[in-house]
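I opened this entry to keep track of what I looked up in the model. The notes follow the order in which I checked things.

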Amino acid sequence: MNRITIIFFLFGVLILGACKVDPKIIEPLPADNLAEVIPEGWPQPKYTYSVNTISEDKFVLGRALFYEEMLSVDNTISCGTCHQDFAAFAHAEHKVSHGIFDRVGIRNAPGIFNLTWHPVFMHDGGINHIELQPLGPISNTLEMGADINPVIAKLQASSKYQNLFRKAYGNDTVTSQKMLRAMTVFMGLIYSYNSKFDYYKRKENNVELSDAEQRGYSLFTANCSGCHTEPLFSDFGFKSNGLTVDPFYQDSGRVHITGLPQDRYKFKTPSLRNIAKTAPYMHDGRFTTLNECLDHYTNAIPNLTNLDPSIPTNGYQFTAQNKQDIIAFLHTLTDYKLLGDKRFADPNF
Amino acid sequence: MKNTIKFIPLILLLVVLSCKKDKKDPEPEPDPTPAATTNTIKILFKHTVDTSTLVLNQNYVNPNLDTFKVSVLKYYISNIVITKNDNTTYVEPESYHLIDVSNISSTTISIPNVPFASYKSVSFMLGVDSTRNCSGAQTGDLAQNKGMFWTWASGYIMFKLEGSSPQSGASNKGLEYHIGGFGGVNKVQRNFSYTFASTPANVSASVSPIIHMSVDINEFFKNPTTINFATQHTQLSAGVNAKMFADNYSDMIKFEHVNN
């Protein structure tokens, strides 16, 4: 009897051993939550995952890389340093990006969501493809300051990343393409389409706008939607909105990329989704509050080179009440479902 | 009890079976080797300064009579097409090659699977076509970690020459030319096409031809614009100045001969 028990026990151990799975690094994610989304009424995205197919393992690798400080030259800065999940992946309370060796950049870190609809990236539109976007901040000497090859070598030497790359791609060889595509699976799946405004538009959950929000929406549609166009709340164009040139940064904007004089001082129209969570505002973070932003548009605007013709040089004629209504409306664009989505949070915490 | 013991061999058998590796079917008899119908053509790029062979970090004289050294010379050759005597063509698939003078093997491009025929001409692009400049993360010679991609303004550096000159106006006496820009009037890709004159490249079972090209670096410094290192020592972005250098290199590569 004892013998038989021991034999069965031994078989059991053998079988269990043969079937052992690697411990999960994170809680498993339901696969159906990791799909491309095109909300009803939205245009087709610029980037689809037809070649770079989505998998949970690629997402997990991409998320690890997004929060990986080894992507910077001195292992201190990750993408997540300046793109915080609770701020819709903007950098809360930071006018401009903070990088290695306490260096500061010249531009405000924008929120990250709905990226697959963006035709180009960065405030100056210098990057033409979502897969290449991470190379910008990684190589910028004011941000992460790293050459891509030493980063690849560091990842290759790490048993954690050997394991993550093997799971995502079937072998553990780290290449720039594998790295960038996994990051694209993570970044591109950060969608924002569940704000109060979205529920209202979709007539879901009996959500109604308040009177102030409704008045703000009407003012917004009449005055702001030419550039901040629904449903993404950006036309992704390049405009000068009348901001005077900061004498310290001397940032000439889009002309830096195109060399065309008509692009001087133009910057990409930001989406206004989650705008209540992504302060400070403008390409250099010069405004701390939405009130200041509205004041900019109602003040007389200097007749700057390439000022967008839709902007009245004597300022928009909004009353104090108008401004408060517009701000009330802008608050309806906050997507609390995204802000609390643990799939996108730093897995190290 | 006894019954249980009787089952043990059965359980053993089951366990063994469940762990058994899939036995491969016996290898099918290979077909008799099919007669080859293709072979390889090679394109060899020899680098010179005027008629002297280019050696990295040695002194040469440019058309402006300035002394200079080259420390880095890398450029893309892409979209290779070879044309038969009957005007049909062989288009190399995934035709992107990074020539790096510091890596001698990269200076010969091997094009496998070229059908047997007599070929009279070759054409290719210096640079990378605009499509691949807009296609995201790439592999092989186009991977974004070859030091040939602008991360701040997406696009390939099509041609990179770095070095030094006592006449350079740069504080470190350096020369730094990163020539790129893939679209619009200032694009820097240039197309080259050559006919092999009297000697076609005859691809056959026994012949793998070598097309010899020469690349004269001094052509980069002249015609139509003679470069003066005192003021023209650095070019690191796309635009009208990059186009000026591209116009200079548009006659830089010359056909020498075919070895059959």
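This is a predicted model: local features need pLDDT of at least 70, side-chain atom pairs count only at pLDDT 80 or more; totals for chains, interfaces and linings use all residues.

**Helix pair in chain A**

Helix 2 covers residues 56-66 and helix 6 covers residues 159-169 of chain A. Their axes are 8 Å apart, and the packing angle is about 145 degrees.

Next I listed the residues that meet. From helix 2 of chain A they are Asp57(A), Lys58(A), Val60(A), Leu61(A) and Ala64(A). Helix 6 of chain A brings Leu164(A), Phe165(A), Lys167(A) and Ala168(A) to the contact. I sorted the residues of this contact by type and got six nonpolar, three charged and no polar.

**Domains of chain A**

I then checked the domain assignment, which places domain 1 of chain A at 31-192 and domain 2 at 196-333. I noted a distance of 26 Å between the C-alpha centres of these domains. Across the boundary, 23 residues of domain 1 of chain A are in contact with 24 residues of domain 2 of chain A. On the domain 1 side, I found 10 nonpolar, 10 polar and three charged residues.

**Chain B overall**

For chain B I counted 16 strands and three helices. Chain B has 260 residues, and 33% of them count as buried. I also looked at contacts between residues at least 6 apart in sequence; in chain B, 76% of these join residues at least 24 apart.

**Backbone exceptions**

Most peptide bonds are trans, and most residues other than glycine have a negative phi. I searched for exceptions.

In chain A, the bond between Ala279(A) and Pro280(A) is cis, with omega about 0 degrees. I placed Pro280(A) in the loop between strand 2 (267-268) and helix 11 (290-298) of chain A.

In chain B, Asn223(B) is joined to Pro224(B) by a cis peptide bond with omega near 10 degrees. Pro224(B) sits in the loop between strand 14 (210-216) and strand 15 (234-235) of chain B.

Asn57(B) is not a glycine, yet I read a positive phi of about 65 degrees for it. This residue is in the loop between strand 2 (52-53) and strand 3 (60-61) of chain B. I logged Asn57(B) as exposed because it has 10 other C-beta atoms within 10 Å, and the cut-off for exposed is 12 or fewer.

Leu65(B) also has a positive phi, near 65 degrees. I found Leu65(B) in the loop between strand 3 and strand 4 (67-84) of chain B. Leu65(B) has 8 other C-beta atoms within 10 Å, so I logged it as exposed.

Key. Residues are numbered from 1 along each chain as its sequence is written. Chains are lettered from A and ligands numbered from 1 in the order in which they are written. Domain bounds come from an automatic or database domain assignment. Two residues are in contact if their C-beta atoms, placed from the backbone, lie within 7 Å. Ala, Val, Leu, Ile, Met, Phe, Trp, Tyr, Cys and Pro count as nonpolar, Asp, Glu, Lys and Arg as charged, and the others, Gly among them, as polar. Axes are lines fitted to C-alpha atoms, for helices over the stretch in contact, and angles run from 0 to 180 degrees between N-to-C directions. Helices (H or I, at least four residues) and strands (E, at least two) are DSSP runs, numbered from the N terminus. A residue is buried if 20 or more other C-beta atoms lie within 10 Å of its own, exposed if 12 or fewer, and partly exposed in between; C-beta atoms are placed from the backbone.
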